[in-house]
Amino acid sequence: MPELQIRHWPQNIPLELKAVARVWAEDGFSCDLWVDPPERQWIDFVHETDERVVVKEGRIEFDVEGSRAMLGPGDEVFIPAGSRHSVWNRGSSTARWFYGYRQD
């Protein structure tokens, strides 16, 4: 199983909705903010389009097709269309993360 590829958000770009939306729009992605309480989980989702996620605050665990990684603020992952994925808020506080889908 391939390792989940994690990129880190550029330090020179604010990790705020308008900035993330601007950067992702250049790559053809939408952008919105998701908020999860501690212990919230989303299991076995599959989307028909590519998705991107970058953590704003908190600690979340991602599983994409069996490859797992713990993500913190500034960590970004790409989820290819058709990939089964799950997300858990593993922290003791609210997690906030930006997500977006490829716009065709």
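What share of the 104 residues of the protein chain counts as buried? In this predicted model, the figure is 43%. The accessible surface of the chain comes to about 6,100 Å². Carbon and sulfur atoms account for 49% of that surface.

The protein chain contains one helix and nine strands. Read from the N terminus, the order of elements is β-α-β-β-β-β-β-β-β-β. The radius of gyration is 13 Å, close to the 13 Å given by the globule rule for 104 residues, so the chain is as compact as a globular protein of that length. Along the principal axes, the C-alpha atoms fill a box of roughly 30 × 30 × 20 Å. Contacts between residues at least 6 apart in sequence were also examined. Of these, 72% join residues at least 24 apart.

Five of the strands form an open sheet. Their order is β1-β7-β4-β9-β2, with antiparallel pairing. Strands β1 (6-8) and β2 (32-36) stand at the edges. Each has a single partner strand, so one side of each is left without a neighbour in the sheet. From one strand to the next, the twist averages 30 degrees.

Within this sheet, strand β4 (residues 51-57) runs antiparallel to strand β7 (residues 75-79). Four bridges join the two strands. Val54 stands opposite Glu76 in β7. In general, strands of a sheet pair through backbone hydrogen bonds.

Helix α1 (residues 17-26) lies across β2, β4, β7 and β9 (95-101). The helix runs at about 25 degrees to β9.

Conventions:
Residues are numbered from 1 along each chain as its sequence is written. This is a predicted model: local features need pLDDT of at least 70, side-chain atom pairs count only at pLDDT 80 or more; totals for chains, interfaces and linings use all residues. Side-chain values use heavy atoms; hydrogens and water are left out. Two strands pair if DSSP finds at least two bridges between them. Axes are lines fitted to C-alpha atoms, for helices over the stretch in contact, and angles run from 0 to 180 degrees between N-to-C directions. Contact means heavy atoms within 4.5 Å. The radius of gyration is taken over C-alpha atoms; the globule rule is 2.2 Å times the number of residues to the power 0.38. Buried means under 20% relative accessible area, exposed over 50%, partly exposed in between (1.4 Å probe, protein chains only). Accessible areas come from the Shrake-Rupley method with a 1.4 Å probe; for residues, only the protein chains shown count as cover.
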